[in-house]
Amino acid sequence: MKIYLDDNLRGFSPSSLKVLSDEMSSAGVDLQHQVYSRNGAMNVTTRYAQNRRMYLNGNFRIDTNGLPELWLISFDVINNRIDTTPTELRSFQYQLLRRVVNFAEKVGIYRINYFVTRTDSGQHKNMCVSAEETMQTCKELGFKKFTRCGSDSSQLHFVKTLLSY
């Protein structure tokens, strides 16, 4: 029972959060996070986001009911300035997503599930990267589009398997 209740095996432990922070620091991003649900879920944002040209705002989950999976429920890169170019925004998103993949590999995650919500053009002006551009980023990073019967057409689901057991 002690092993089952060990939080280090159950998600966002202090050691795994350090790995994530180190990865994001290499991209020049300092994260602020709020871990909840017995270390299985986390809200994350860029520290001092209101002072940044662009920033990350997301919700991550780790599922350990079987092989460990990271779920990126929300991974929004927000544009905070009018002078930021689309190329800068897409590059920033790519860097951050690549760092999350590195984090997942280092902590022993089997699979990453990434959900992208399609937005209308009015919402898109504050979001940095469109769903179509995100699809291209996912393809470049080795994610595959996941289709399942009954999936919502307003949300895209991408999967990247990291470890083969």
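This is a predicted model: local features need pLDDT of at least 70, side-chain atom pairs count only at pLDDT 80 or more; totals for chains, interfaces and linings use all residues.
Seven strands form an open sheet in the order β1-β2-β3-β4-β5-β7-β6, and their pairing is mixed. At the edges stand β1 and β6 (144-145); each has a single partner strand, so one side of each is left without a neighbour in the sheet. For β6, the pairing with β7 is antiparallel and extends over two bridges. Within β7, valine 159 is the residue that stands opposite lysine 144.

Strand β2 contains threonine 46. This residue is buried, its relative accessible area being 4%. Its side chain reaches the backbone nitrogen of leucine 56 at a distance of 2.9 Å. Beyond the neighbours within four places in sequence, the contacts of threonine 46 are Val29, Asp30, Arg52, Tyr55 and Leu56.

Helices accompany the sheet. Helix α2 lies across β1, β2 and β3, and runs at about 155 degrees to β1. Glutamate 23 belongs to this helix. Is glutamate 23 buried or exposed? With a relative accessibility of 8%, glutamate 23 counts as buried, because the limit for that term is under 20%. Apart from neighbours within four places in sequence, glutamate 23 is in contact with Arg99, Asn102, Phe103 and Lys106.

Ala131, Thr134, Thr137 and Cys138 are buried in α5. These residues cover an arc of only 110 degrees around the axis, and therefore lie on the same side of the helix. The exposed residues Glu132 and Lys139 are carried on the face of α5 that is turned away from the buried side. Among the elements that cover the buried residues of α5 are α3, β5 and β7. After α5 comes glycine 142, with a positive phi near 90 degrees.

In soluble globular proteins, nonpolar side chains tend to be buried together. The largest nonpolar core of this model has 36 residues, of which Phe60, Leu70, Leu72, Phe75, Leu96, Tyr114 and Phe143 touch the most other members. Two or more residues each come from α2 (14-25), β2, β3 (54-63), β4 (69-79), α3 (86-107), β5 (111-117), α5 (131-140) and β7 (155-161). Which element gives the most to this core? That element is α3, with eight residues.

Most residues other than glycine have a negative phi. Arginine 38, although not a glycine, has a positive phi of about 55 degrees. This arginine is found in the loop between β1 (31-36) and β2 (41-46). Asparagine 39 also has its place in the loop between β1 and β2, and its phi is positive too, near 70 degrees. As for accessibility, arginine 38 is partly exposed, with a relative accessible area of 49%, whereas asparagine 39 is buried, with a value of 18%.

Conventions
Residues are numbered from 1 along each chain as its sequence is written. Side-chain values use heavy atoms; hydrogens and water are left out. Helices (H or I, at least four residues) and strands (E, at least two) are DSSP runs, numbered from the N terminus. Buried means under 20% relative accessible area, exposed over 50%, partly exposed in between (1.4 Å probe, protein chains only). A nonpolar core is a set of buried Ala, Val, Leu, Ile, Met, Phe, Trp, Tyr and Cys residues joined through side-chain atoms within 4.5 Å. A polar contact is a pair of N or O atoms within 3.5 Å; within protein, one must be able to donate a hydrogen and the other to accept it, and residues adjacent in sequence count only if both atoms are side-chain atoms. Contact means heavy atoms within 4.5 Å. Two strands pair if DSSP finds at least two bridges between them. Axes are lines fitted to C-alpha atoms, for helices over the stretch in contact, and angles run from 0 to 180 degrees between N-to-C directions. The arc is that of the directions from the helix axis to the C-beta atoms.
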